[in-house]
Amino acid sequence: MGDDLGDDWWEQKGNSDSPVGEEESEEPEKQPTEQASPREKKGKKRKSVTETPVPVKKKTALKSQTACFMAQEKKEDEGEKKPKKKRKKKKKTITDVLATSEPKPGSPGDLQSLVLEHFKDKRSVIELEDLKLQDSCFVRSNDLTHSLSSYLKEICPKWAKVQKQHTEKSSVVLLIVCSAALRVIELIKQLTTFKGEAKVLKLFAKHIKVEEQVKLLQTGVTHIGVGTPGRLSALIEKEGLTLPPLRFLVLDWNWRDQKLRRMVDVPEVKGDLLKLLDMGILKGCREGKVKVGLF
């Protein structure tokens, strides 16, 4: 009996223990499914973030658009606030000034002021006084209505007599000064009705050497010389052209080139002209030998 009871008790206990053991063994297997580890939680969170990317991108796109729009508004506001740069005014050239001004005939006072302005820093007070010319040194200026021939007939009505009296070589009795070689040729053509039997010589530097012109002046009697200030000065320096027989000096004062510049408006030509006048012509004017006309 005792053994039977003992066996029954152990069997009952063993039977009762077996389900308990199974329940205990099942509980720890269910725990990992109910409670996730931290790594698994992070993985779930990352999945949730990656699973819903569209709303995030829309927000960033809207932010970038609003930022760009705000930046453009700021730039526009800054641009409106900045003062506009003033355009620099272009300096008026001689051509601009002359184009808007009416043609005005030259006068003896214009030549006088030009000479004194040029030499005021180079001569003493006494020397400047010697450069001043009396009104008697000038003939009537062109009033812009004359051709060259009609103007010369007016200032030199006894030209035929003056022409016959001139017999010296390397000199002229009438000297016409202009700014360019083409203008020289044009003026010589205009002399047809005035010159008569007088010999005319063109005296400019283009395509003609100084030595050739010196020979031409020496070979025969020349009555009228038409030339540029630079070449005339060179001929005087080489003694190819002498000034004592000179009686009339005509300056092509009113003529304008394509840029509307007169002879005295071109610095190089003006400098050569003043040099020519200072080489003995002004002295002849003061002595009453030479008459000056502004054509």
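Trainee: Hi! Which residues of H12 are buried?
Mentor: Pro229, Arg231, Leu232, Ser233, Ala234, Leu235 and Ile236 are the buried residues of H12. Buried means under 20% relative accessible area, exposed means over 50%, and partly exposed lies in between, using a 1.4 Å probe and protein chains only. Helices (H or I, at least four residues) and strands (E, at least two) are DSSP runs, numbered from the N terminus.

Trainee: Before we go on, what kind of model is this?
Mentor: This is a predicted model, in which local features need pLDDT of at least 70 and side-chain atom pairs count only at pLDDT 80 or more, while totals for chains, interfaces and linings use all residues. Residues are numbered from 1 along each chain as its sequence is written, and side-chain values use heavy atoms, with hydrogens and water left out.

Trainee: Back to H12, then. How many of its residues are buried?
Mentor: In helix H12 (residues 229-237), 7 of the 9 residues are buried, so to speak "mostly covered".

Trainee: And what covers them?
Mentor: The cover includes E1, E2, helix H11 (210-219), E3 and H13. Contact here means heavy atoms within 4.5 Å.

Trainee: What comes just after H12?
Mentor: Glu239 is found there, with a positive phi of about 60 degrees.

Trainee: You mentioned some strands. What order do they take in the sheet?
Mentor: The order is E2-E3-E1-E4-E5, in an open sheet of 5 strands with parallel pairing. Strand E2 (200-203) and E5 stand at the edges with a single partner strand each, so one side of each has no neighbour in the sheet. The twist from one strand to the next averages 20 degrees. Two strands pair if DSSP finds at least two bridges between them.

Trainee: How many bridges are there between E2 and E3?
Mentor: E2 pairs with strand E3 (residues 224-227) over 4 bridges, in the parallel sense. Within that pair, Val200 stands opposite Ile224 in E3. In general, strands of a sheet pair through backbone hydrogen bonds, either parallel or antiparallel.

Trainee: Which strands does H7 lie across?
Mentor: H7 lies across strand E1 (174-177), strand E4 (248-251) and E5, and runs at about 145 degrees to E4. Axes are lines fitted to C-alpha atoms, for helices over the stretch in contact, and angles run from 0 to 180 degrees between N-to-C directions.

Trainee: Switching topic: how many aromatic pairs are there?
Mentor: The count is 2 aromatic pairs. One of them is Tyr151 with Phe295, which is tilted, at 5.6 Å centre to centre and 45 degrees between the planes. Tyr151 is in helix H7 (residues 148-155) and Phe295 is in the segment after strand E5 (291-294), so this pair links distant parts of the chain, 144 residues apart. For the rule, rings of Phe, Tyr and Trp (its six-membered ring) pair if their centres lie within 6.5 Å; planes under 30 degrees apart are stacked, over 60 edge-to-face, and the rest tilted.

Trainee: Are Tyr151 and Phe295 buried or exposed?
Mentor: Both Tyr151 and Phe295 are buried.

Trainee: How many residues does the largest nonpolar core have?
Mentor: The largest nonpolar core has 40 residues, and Leu111, Val177 and Leu251 are among those with the most contacts inside it. Helix H13 (residues 267-286) gives the largest share of this core, 8 residues. A second, separate core has 24 residues, including Trp159 and Ile176. A nonpolar core is a set of buried Ala, Val, Leu, Ile, Met, Phe, Trp, Tyr and Cys residues joined through side-chain atoms within 4.5 Å.

Trainee: What about His166, buried or exposed?
Mentor: His166 counts as buried because its relative accessibility is 7%. His166 is found in the loop between helix H8 (159-165) and E1.

Trainee: Last topic: how many salt bridges does the structure hold?
Mentor: The structure holds 10 salt bridges, each being a side-chain nitrogen of Lys or Arg within 4 Å of a carboxyl oxygen of Asp or Glu. In one of them, Lys132 meets Glu129 at 3.3 Å, N to O. Arg262 also forms a salt bridge, with Asp265, and the closest N and O atoms are 3.1 Å apart. Asp265 is buried, with a relative accessible area of 15%.
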